Amino acid sequence: SRIHPLSTMAPPGTIGGVHKFGGTSVQSASAMHQVRQIIEHLASEQGSSAPLAVVVSAMGGKPKTTDMLIDSCTAASRGDLDAAHGLLSAIKAKHEDAIERMMPE
């Protein structure tokens, strides 16, 4: 496979392309599966000329992960650590749910 973690990426200037996915494109397990198919297609089209750089940002959906992170920081800054931890727990659960749905049975 030509999908590698950032630590094994090629030196600057040798990347075959940078592709960013976030929001609705990674909001669920099925959306992430489509992203994987896109990346695999791009990698096969490009051949072995250079690796792809793939950036995945926050999951979309309702509520948006970015909004939950901001709300968590806001709650923590005003000293409401219970609310901050609750939001972070919800973000974690959202990601764990997507991971579980992506795993084959």
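In the predicted model, the residues I99, M102 and M103 form a nonpolar patch on the surface, and together they account for about 290 Å² of accessible area. Of these residues, M103 is found in the segment after α3, the helix that spans residues 81-102. M103 is exposed, since its relative accessible area is 53% and a residue counts as exposed when that value is over 50%.

The protein chain as a whole has three helices and two strands, and these elements follow the pattern β-α-β-α-α when the chain is read along the sequence. Of its 105 residues, 22% count as buried. The accessible surface of the protein chain comes to about 7300 Å², and carbon and sulfur atoms hold 59% of that surface. When contacts between residues at least 6 apart in sequence are considered, 70% of them join residues that are at least 24 apart.

Helix α1, made of residues 29-46, contains 18 residues and reaches 26 Å from its first C-alpha to its last, which is close to the 26 Å expected at 1.5 Å a residue. Its buried residues are A29, A31, V35, I39 and A43. Seen down the axis of α1, these buried residues fall within an arc of 155 degrees, and they therefore line one face of the helix. The cover over them includes the strands β1 (17-23) and β2 (52-59), together with helix α3. On the face of α1 turned away from the buried side, the residues S30, Q34, S44 and E45 are exposed. Just after α1, G47 takes a positive phi of about 75 degrees.

The buried residues of α3 are A84, I91, K94 and A98, and because they cover an arc of only 85 degrees around the axis, they are placed on the same side of α3. Among the elements that cover these buried residues are α1, β2 and α2 (65-77), whereas D82, K92, E100 and R101 are exposed on the other side of α3.

Helix α2 also contains S72, which counts as buried because its relative accessibility is 5%, a value under the 20% limit for burial. When residues up to four places away in sequence are not counted, S72 touches A84, L87 and L88.

Side chains of opposite charge can pair when their charged atoms come close. A search of the whole structure finds four salt bridges, including one in which the side chains of R36 and E40 meet at 2.9 Å, N to O. Both R36 and E40 lie in helix α1, where they are four residues apart, or about one turn of the helix, and E40 counts as partly exposed at 36% relative accessibility. Because R101 and D97 are four residues apart in helix α3, about one helical turn separates them. R101 counts as exposed at 60% relative accessibility, while D97, at 34%, counts as partly exposed. A further salt bridge joins the side chains of D80 and R78, at 3.9 Å, N to O; here D80 is partly exposed, with 31% relative accessibility, and R78 is exposed, with a relative accessible area of 58%.

Technical notes
Residues are numbered from 1 along each chain as its sequence is written. This is a predicted model: local features need pLDDT of at least 70, side-chain atom pairs count only at pLDDT 80 or more; totals for chains, interfaces and linings use all residues. Side-chain values use heavy atoms; hydrogens and water are left out. Patches are made of residues with over 30% relative accessible area and no salt bridge: like charges are joined within 9 Å, nonpolar side chains (Val, Leu, Ile, Met, Phe, Trp, Tyr) within 5 Å. Accessible areas come from the Shrake-Rupley method with a 1.4 Å probe; for residues, only the protein chains shown count as cover. Buried means under 20% relative accessible area, exposed over 50%, partly exposed in between (1.4 Å probe, protein chains only). Contact means heavy atoms within 4.5 Å. The expected span of a helix is 1.5 Å times one less than its number of residues. The arc is that of the directions from the helix axis to the C-beta atoms.
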